[in-house]
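Reader: I would like to go through this structure term by term, asking what each label rests on before I rely on it.

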Amino acid sequence: MSAGIDLENVCCDFGSFRAVDNANVSVRPGEFFSFLGPSGCGKTTILRMVSGFIEPTQGVIRIGGQDVKGKRPNQRPTALIFQNLALFPLMPIWENITFGLEVRGVDKATRRKKAEELLTLVDLPGAGDKMVSQLSGGQKQRVAIARALAVEPQVMLLDEPLSALDLKLRQHMRAELRAIQKRTGVTFIYITHDQGEALAMSDRVGVMSQGRIQQIADPRDIYNNPVNGFVAAFVGENNVFSGEVQNPAGGMAAFATPHGTFRARLGASAGGKGVKLYVRPEHTRLSQTRADENSIPVTISEVSFEGNFISILAISETGAKLAAEIRNDGQATVPGMGAKMFMSFDAERAAILPDANVRG
Amino acid sequence: MLRRYGPGLTLLICLLVAFWLLMLVIVPNITLFEQSFRPYLPVVEIGGPRDTYSFANYLKVLDSSVEKSLFGYSFSIPVHVYTFSLTIFYSMLVTVICFALAYPLAYYMAKIVNPKTLPTLLLMLFIPLWVSEVLRAFAWWIILAFKGPLNAMLLGIGLIDAPVRWTNMGYTGVVIGLIYTYVLFMLFPVYNAVQSLDTNQIEAAEDLGAPWWKIHWRIVLPHAKPGIASGSVMVFMLSAGSLLVPSILGSTTSQWFTQTIDQWFKDALDWNTASAYAFMLLSLCTVFVTIAMWLFKVKLSDIAK
Ligand SMILES: Nc1ncnc2c1ncn2[C@@H]1O[C@H](COP(=O)(O)OP(=O)(O)OP(=O)(O)O)[C@@H](O)[C@H]1O
Ligand SMILES: [Mg+2]
């Protein structure tokens with residue numbers, strides 16, 4: 001069983017501070033949905049509103065189509081996995097996992113059996129009699145997931161559950177979480193400030209900034225077609241140029257910058273002022289000769305070899321720092337330090353975007 | 001310490017501490033302990049042939065039986081054993097009531113109250129402690145008086161028809177006074193223990209569907225157990241050993257064991273028996289606390305935390 005979640009014009013105020021501003025999201029049943037955003041943007045607040053620890057100041061939250069206003073966390077079909085897991089240290093693992101069943105009055109023998117099933121599901125068979133303190137970080141993680149799954153929630157809410165783990169384990173647990181989600185078919189709402197995590201795991205991603213949802217799309221769209229400057233800059237790297245839009249036509253426009261005038265794709269609602277041009281480093285090329293369009297003369301100032309690609313920092317004639325990337329296909333020529341070259345990019349791969357959607 | 005204060009000062013501090021421990025704590029207690037095994041004799045006979053060690057002083061507690069009845073069942077019991085049992089019983093009652101009062105307040109202070117108002121709350125709880133224990137006991141004596149404010153208030157709101165003689169109702173006055181005097185000794189250890197519980201655990205339990213009482217029973221109380229145990233030991237020992245409150249707020253029918261000891265010292269001038277009684281109180285209370293801790297599966301090391 002899994003349920004969809006709808007947030008309609010949801011706001012949350014702490015005193016005079018608005019932590020979540022007019023959020024509208026529809027998470028589909030069985031979907032893996034991530035909220036991605038920098039620290040303090042209101043991700044946890046959204047999750048706490050869905051799980052029932054905070055009531056929204058305005059707006060409606062529906063779980064499986066039903067308005068959950070006024071329902072306490074213990075009356076909602078959601079299970080929250082806390083940022084610090086919040087396992088119960090005084091209970092053995094099996095009691096931790098079946099705590100939700102214990103409060104529902106399930107007898108002990110059934111609970112023991114259920115605990116063993118869930119431990120097998122999360123790949124920890126036989127750990128039931130250990131104490132929490134005897135487990136490693138990744139194992140605790142899995143116990144937390146098993147504990148949440150035990151109550152057969154229709155929605156799992158995960159608040160940066162992997163942030164405390166080291167890189168290797170994090171990558172392993174990503175795959176594991178995704179597999180568990182597919183196996184159980186439960187709707188997952190996942191919170192993270194790690195863009196790699198959000199892009200790799202999710203069916204769809206909602207990018208947030210300062211309490212507002214900036215864009216909701218599948219991971220590819222988020223990366224390839226960001227709707228505004230915040231999303232473009234937060235998800236992946238970008239070279240940013242300030243300037244002015246000139247003669248927009250057919251989704252393209254000229255963009256006058258101190259480095260010259262470039263042709264680029266015109267993003268939605270980017271007609272007026274306060275817009276910038278965004279070009280990803282991996283969409284740039286470096287060449288000895290000037291290209292036909294969108295070409296900037298630069299001096300190479302730093303070259304760093306990253307293995308699968310080569311990251312290059314170049315300085316333009318106006319002194320701006322520009323980043324470029326060359327894929328290492330085994331025969332790529334690496335430009336020397338101090339070389340004078342031209343950086344160019346396709347008009348299709350450069351986007352003119354408004355700033356973030358924020359208050360004021 | 002040696003490096004910080006130099007050898008001279010360190011030696012002095014160590015000597016002072018040793019002096020304090022030895023001369024002011026150990027020696028007087030050992031003297032009393034030794035005396036408790038010797039008979040009470042006229043001065044000329046001290047050191048004489050009758051001055052021998054025995055348990056006679058301790059066995060005096062079994063003298064002079066009285067008839068008592070409980071739940072319609074009457075029995076005869078040595079009067080001092082009776083006093084002792086009641087002292088233990090009412091000390092336990094005080095401990096339980098202190099816990100019942102302190103736990104909700106501790107939980108409220110640790111998990112619910114706005115952190116900004118907490119210092120004010122703590123100050124309000126502390127201020128009564130600055131007033132001397134005697135004054136506080138007398139304050140209750142006034143409150144509980146026949147024509148005092150408590151009766152006036154209860155009459156005013158119509159809860160009683162005639163004033164009640166609170167301080168003449170067995171142990172009522174003593175119990176009220178002891179609770180008031182020692183409740184903070186329960187509150188602060190419990191508060192510390194509850195406060196150290198991660199709020200996320202409470203929320204996790206609620207999120208998993210636990211009703212509020214289950215959250216307390218399975219999450220908060222087990223976590224707070226060491227604090228509750230150390231608070232209980234303190235309140236129990238202090239209550240059983242209190243002399244001031246029972247002598248001020250006691251009634252004609254309430255005798256506390258410390259009062260019996262006091263009478264041996266001051267009225268009978270029999271220091272030997274008084275010491276024997278005092279050590280009996282101390283050791284039996286210790287045994288009692290140890291049994292209680294064993295029953296509740298609390299370790300001594302938990303309490304020291
Ligand atoms: N109880 C509260 N009272 C007042 N302000 C709060 C409260 N909870 C959160 N905030 C504020 O709301 C904003 C959003 O907080 P939230 O915890 O949702 O951020 P987050 O996106 O989860 O950040 P992080 O990635 O650091 O966990 C923050 O600026 C925070 O200071
Ligand atoms: Mg957070």
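Author: Let us start with residue classes: Ala, Val, Leu, Ile, Met, Phe, Trp, Tyr, Cys and Pro count as nonpolar, Asp, Glu, Lys and Arg as charged, and the others, Gly among them, as polar. By class, four nonpolar, six polar and two charged residues form the shell around ligand 1. The model is predicted, with local features needing pLDDT of at least 70 and side-chain atom pairs pLDDT 80 or more, while totals for chains, interfaces and linings use all residues. Residues are numbered from 1 along each chain as its sequence is written, chains are lettered from A and ligands numbered from 1 in the order in which they are written, and side-chain values use heavy atoms, with hydrogens and water left out.

Reader: What makes a residue part of the shell around ligand 1?

Author: A residue is near a molecule if one of its heavy atoms lies within 4 Å of it. The residues around ligand 1 include F14(A), F17(A), Q83(A) and E160(A), together with S39(A), G40(A) and K43(A). Helix 1 of chain A gives the most, with three residues; helices here are DSSP runs of H or I with at least four residues, strands are runs of E with at least two, and both are numbered from the N terminus.

Reader: How do you know that S39(A) and K43(A) make polar contacts with ligand 1?

Author: A polar contact is a pair of N or O atoms within 3.5 Å; within protein, one must be able to donate a hydrogen and the other to accept it, and residues adjacent in sequence count only if both atoms are side-chain atoms. A polar side-chain atom of S39(A) is 2.5 Å from an oxygen atom of ligand 1, and an N or O atom in the side chain of K43(A) is 2.8 Å from an oxygen atom of the ligand. G40(A) takes part through a polar backbone atom, 2.7 Å from a ligand oxygen atom. Of the 640 Å² of accessible area that ligand 1 has on its own, the protein covers 60%, by the Shrake-Rupley method with a 1.4 Å probe, where for residues only the protein chains shown count as cover.

Reader: Why is the pair of Y90(B) and Y171(B) called stacked?

Author: Rings of Phe, Tyr and Trp (its six-membered ring) pair if their centres lie within 6.5 Å, and planes under 30 degrees apart count as stacked, over 60 as edge-to-face and the rest as tilted. The ring centres of Y90(B) and Y171(B) are 4.2 Å apart and their planes lie at 20 degrees, so the pair is stacked. The partners are 81 residues apart, Y90(B) in helix 3 of chain B and Y171(B) in the loop between helix 6 and helix 7. Over all chains the count comes to 26 aromatic pairs.

Reader: Why is S36(B) called buried?

Author: Buried means under 20% relative accessible area, exposed over 50% and partly exposed in between (1.4 Å probe, protein chains only). S36(B) has a relative accessible area of 0%, so this residue is buried. Y90(B) and Y171(B) are both buried as well.

Reader: What makes R147(A) a charge over the ring of F88(A)?

Author: The rule asks that NZ of Lys or CZ of Arg be within 6 Å of the ring centre and within 35 degrees of the ring normal. The charged end of R147(A) sits over the ring of F88(A), 4.6 Å from its centre, and R165(B) lies over the face of F146(B) at 3.9 Å from the ring centre.
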